[in-house]
Amino acid sequence: MTSYTRTPCAAGGCSSTGRVRSRFCAMHEGHITRHGWAGGRTMREEDLREHTSLVSIGLARYANTEPVQIAYQIGEALLQWTPSWPVVSSTHEKAAALFSMIRNQGITGRDLVLRTCAVMAFIRAHRERFPTRLAEDIALGRGIRRLITLPSYGRPNARTLRTLGLVVRDGLDRFVFMLLKRMETDEERARQTFSLAAFDKGATNA
Ligand SMILES: [Zn+2]
C-alpha cells in the first residue's frame, strides 16, 4: 500500500476517518492546532466569570500587601515585554506586538494579574480539559488576548498565544499559586467558623 492510506481518527470516540498522512480527522486536527490537544475546546468568557469575581475579591482584600503590589508591578512590566534572548523568532515578535496592543487598549498590570489568576483558577477547576502544559499555556495566552477585542482576521495563532501564556506564567506563576492558596485557606477558615460543630461548642443547654 502507499503512504496515502487513511486510518480511523485517533481521537477517542471519534468515528471519522483520519486525513491523509495524519492520525486525526480534520476536526480533531483543528482542535490540536487551536488548543494543543485533540480534546481541547474553547474556554468561554462566561466560564471565567465566577473565577474572575472570586479573584477580584481576593485581590481587593489583600490590595495593600506587598505580594499584590509587586504582582501589579510585574504585570505592568509584562505588558512591556520584548524578547531579549539572542535568537528572536517571529513568534516572539508577534507576542511582543500583542502585548503592546493589549497595553495600548488600556489594559493595566492589575487587569493582567486578575485575568491570569482567573484563567489559572479555571484551569485548576477543570484539569481534565488541560492535560498538558502546552494546553494550559495556550489557554492562558488566549484568555489574556481576550482582554481586548480584535477583528477575526487579526487574531493571533496558537503559537503566539502559547508564547504569551508562557511569558506571563513565568512572571506570575508563584504569585498566582500563593494567592489561590491564600483564598482557599480563607474559605476553609470561614467554613470552620460557621460549621455546625462551631455552634455546638458554645451552645447553652437551656
Ligand atoms: Zn476525529
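Predicted model: local features only at pLDDT ≥ 70, side-chain atom pairs only at ≥ 80, totals over all residues.
**Notebook: contacts, fold and domains**

I began with contacts, counting two residues as touching if their C-beta atoms, placed from the backbone, lie within 7 Å. In the protein chain, 62% of the contacts with a separation of 6 or more join residues 24 or more positions apart.

Residues are numbered from 1 along each chain as its sequence is written.

Next I looked up the secondary structure, with helices (H or I, at least four residues) and strands (E, at least two) taken as DSSP runs and numbered from the N terminus. I found 8 helices and 0 strands in the protein chain.

Then I turned to dimensions. The C-alpha atoms fill a box of roughly 85 × 45 × 30 Å along the principal axes. The radius of gyration is 22 Å, while a compact globule of 206 residues would come near 17 Å; the value is taken over C-alpha atoms, and the globule rule is 2.2 Å times the number of residues to the power 0.38.

Last came the domains, whose bounds come from an automatic or database domain assignment. I noted domain 1 (1-40) and domain 2 (45-194). Their centres, over C-alpha atoms, are 31 Å apart. How many residues does each domain bring to the contact? Domain 1 gives 6 residues and domain 2 gives 6 residues.
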